[in-house]
Amino acid sequence: TTRTLDFEKQSSYSIIVTVTDTGTPPITVPANVTIIVEDVNDQPTEIYFNSSGVYENSPEGTLVGSFWTKDQDNNQNFVYKFIFSAEASDNNTVLPTDNVSHLFYINGNKLYVGKSAKLDHEFENRYVFTVKSTDSGSPPLSYANDIVVVVLDTNE
């Protein structure tokens, strides 16, 4: 074949192979052959973050949003982790890593307000984080993407 075999598109091919000998008279014998394509782990291709934002002054454990990963492989489980970086929206300064880990935490595929978070819309109205999703394939493969958390204003 001149194209790449892809398990997710087609897991097997059935072909007929015909063999002809050089005898007189020649004898031709057809045989049905099935080619099984083995699946290999495909890398995740996208991370989606579903969130409407989080209100300032939200207490620890408040759900901020949930992650979903696009992957060609079926029945994959994903582990989500921060690749620590947070960008301030107004002046583009980067917050120190230890500050980021206190603002939010990931449990399963959900993002929550952290223990020491003091979210203040007037101080910072959005955070940009890089999140890595690692699949449960063999070998495990990962994809990283930036997500945005919007801090919503409350009447104070």
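View 1. Ser136 counts as partly exposed because its relative accessibility is 43%; buried means under 20% relative accessible area, exposed over 50%, and partly exposed in between, with a 1.4 Å probe and protein chains only. Residues are numbered from 1 along each chain as its sequence is written. Because the model is predicted, local features need pLDDT of at least 70 and side-chain atom pairs count only at pLDDT 80 or more, while totals for chains, interfaces and linings use all residues, and side-chain values use heavy atoms, with hydrogens and water left out.

**View 2. The largest nonpolar core**. A nonpolar core is a set of buried Ala, Val, Leu, Ile, Met, Phe, Trp, Tyr and Cys residues joined through side-chain atoms within 4.5 Å. The largest one has 19 residues, and those with the most contacts inside it are Phe67, Phe104, Leu111, Leu119 and Val149. At least two residues of this core come from each of β5 (63-70), β6 (78-83), β7 (104-107), β8 (110-113), β9 and β10. Leu111 touches, among others beyond four places in sequence, Phe49, Phe67, Phe82, Phe104, Ile147 and Val149.

**View 3. Aromatic pairs**. The structure holds eight aromatic pairs; rings of Phe, Tyr and Trp (its six-membered ring) pair if their centres lie within 6.5 Å, and planes under 30 degrees apart count as stacked, over 60 as edge-to-face and the rest as tilted. The rings of Phe104 and Phe129 have their centres 5.1 Å apart and their planes at 85 degrees, so this pair is edge-to-face. The pair links distant parts of the chain, with Phe104 in strand β7 and Phe129 in strand β9, 25 residues apart, and both Phe104 and Phe129 are buried. The rings of Tyr105 and Tyr112, whose centres are 5.3 Å apart, have their planes at 20 degrees, so that pair is stacked. Tyr105 counts as partly exposed at 30% relative accessibility, whereas Tyr112 counts as buried at 19%. Ring pairs also link Phe82, Phe104, Tyr127 and Phe129 into a cluster.

**View 4. A polar contact between Thr130 and Asp146**. Thr130 is found in strand β9 and, at 15% relative accessibility, counts as buried. The side chain of Thr130 makes a polar contact with the side chain of Asp146, at 2.6 Å; a polar contact is a pair of N or O atoms within 3.5 Å, and within protein one must be able to donate a hydrogen and the other to accept it, while residues adjacent in sequence count only if both atoms are side-chain atoms.

**View 5. Asn155, in the segment after β10 (142-152)**. Asn155 counts as exposed because its relative accessibility is 81%. From C-alpha to C-alpha, Asn155 and Glu56 are 9.8 Å apart in space, and they are 99 residues apart in sequence.

Conventions: Helix = DSSP H or I, 4+ residues; strand = E, 2+ residues; numbered from the N terminus. Contact = heavy atoms within 4.5 Å.
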